[in-house]
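My entries follow the order in which I consulted the structure.

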Amino acid sequence: SNRAVAQADSEASSADKSTAAITMARLAERRDQTDQAKRLLQLAIDENPEESVAIHRLAVIFAKEGNFDEADTHFLRAIELDPENAEILGDAGHFYYLSSVPDRAVELLTRAVELSPNSPRYSNNLAVVLGEQGEDENSLAMFRRGGSEAKAHANMGFVFAQRGDMDKAIDSYSQALTLDQ
C-alpha cells in the first residue's frame, strides 16, 4: 500500500507540474514570449501526454507562427482528447477558416456555438464563414446572436465587402446606421 500512496503522490505532483507549466505558459503567451510558452507547454505535455489544454495552446501558437501542419496536428489531437470543449472547437474552427477549409470551419464552429450558445465570439466567427459561403440568412442570424440588430447589419456589410459585393455592403451599412439612430 506504500507503493500505491507513492504512485498517487507521483501522479498528483505530475498533475501539479503540468498545471503550473500551463499557467506559466499562458503568462508567457500574453507577454509575447512565444518560445518560452512553447517550452512550458511541451513540458506540460511531457508530464501528461493527454493534457488537452497544453496541446490546444500549442496549436494556437503554431497557427499564429504560420506553422499550419503542426497547428493542424495539435488541433486534431486536442479535439480528440476533449471533443466537447467549446474553446478548442472555436479556435480550431477559426484556424480552419483562416486555412481556407470552410466546411471544417463551419462544422467545428457550429459545435462550439451549440456548446457555448452565449459566446458572441463563436457565433460571429461562424457568421463570417457562412457569409463568405453566400449563406446570407444564416450568417445574419448568427450575427444577431452575437449582438444588436444594427451590429448584425454592420457585420453583414463587412462580409459583403469581403465578397466584393459593394451594393449589398452599402445597403447593410445604411441599414445599420438607420437602426443605430
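Predicted model: local features only at pLDDT ≥ 70, side-chain atom pairs only at ≥ 80, totals over all residues.

**Entry 1**

**Entry 2. Helices α2 and α3**

I looked up the pair formed by α2, residues 34-47, and α3, the latter spanning 52-65. Their axes come within 9 Å and cross at roughly 150 degrees. An angle over 145 degrees counts as roughly antiparallel, and α2 and α3 are therefore roughly antiparallel to each other. I recorded the crossing of α2 and α3 as left-handed. On the α2 side, the contact is made by T34, A37, K38, L41, Q42, A44 and I45. On the α3 side, A54, I55, R57, L58, I61, F62 and E65 take part. Sorted by class, the contact of α2 with α3 holds nine nonpolar, two polar and three charged residues.

**Entry 3. Helices α4 and α5**

I turned next to α4 (68-81) and α5 (86-98). Their axes lie 10 Å apart, and the packing angle is about 150 degrees. That angle makes α4 roughly antiparallel to α5. Here too I noted the handedness: α4 passes α5 in a left-handed crossing. From α4, the residues F68, A71, D72, F75, L76, A78 and I79 meet I88, L89, D91, A92, F95 and Y96 of α5. I listed the classes in the contact of α4 with α5 as 11 nonpolar, no polar and two charged.

**Entry 4. The largest pocket**

Which residues line the largest pocket? I found V60, A63, K64, F68, F75, D91, H94, F95 and L98. The space in this pocket amounts to about 150 Å³. I then asked which helices supply the lining, and found that α3, α4 and α5 each give at least two residues. The largest share, four residues, comes from α5. By class, the lining has six nonpolar, one polar and two charged residues.

**Entry 5. Helices α9 and α10**

Last, I examined α9, residues 149-163, and α10, residues 166-180. The two axes come within 7 Å and cross at roughly 165 degrees. That makes α9 roughly antiparallel to α10. I recorded a left-handed crossing for α9 and α10. The α9 residues in contact are E149, A150, H153, A154, M156, G157, F158, F160, A161 and R163. They meet M166, K168, A169, S172, Y173, Q175, A176, L179 and D180 in α10. I noted that the contact of α9 with α10 comprises 11 nonpolar, four polar and four charged residues.

Key
Residues numbered from 1 in each chain as written. Heavy atoms only, no water. Axes fitted to C-alpha atoms, helices over the stretch in contact; angles between N-to-C directions. Parallel < 35°, antiparallel > 145°, perpendicular 65-115°, else oblique. Left-handed = near helix turned anticlockwise from the far one by under 90°. Contact = heavy atoms within 4.5 Å. Nonpolar A, V, L, I, M, F, W, Y, C, P; charged D, E, K, R; others polar. 1 Å grid on protein atoms, 1.4 Å probe; cavity = no way out; pocket = protein on both sides within 12 Å on 5 of 7 lines; lining within 4 Å. Points joined across faces, edges and corners; volume = space filled by probe spheres on them.
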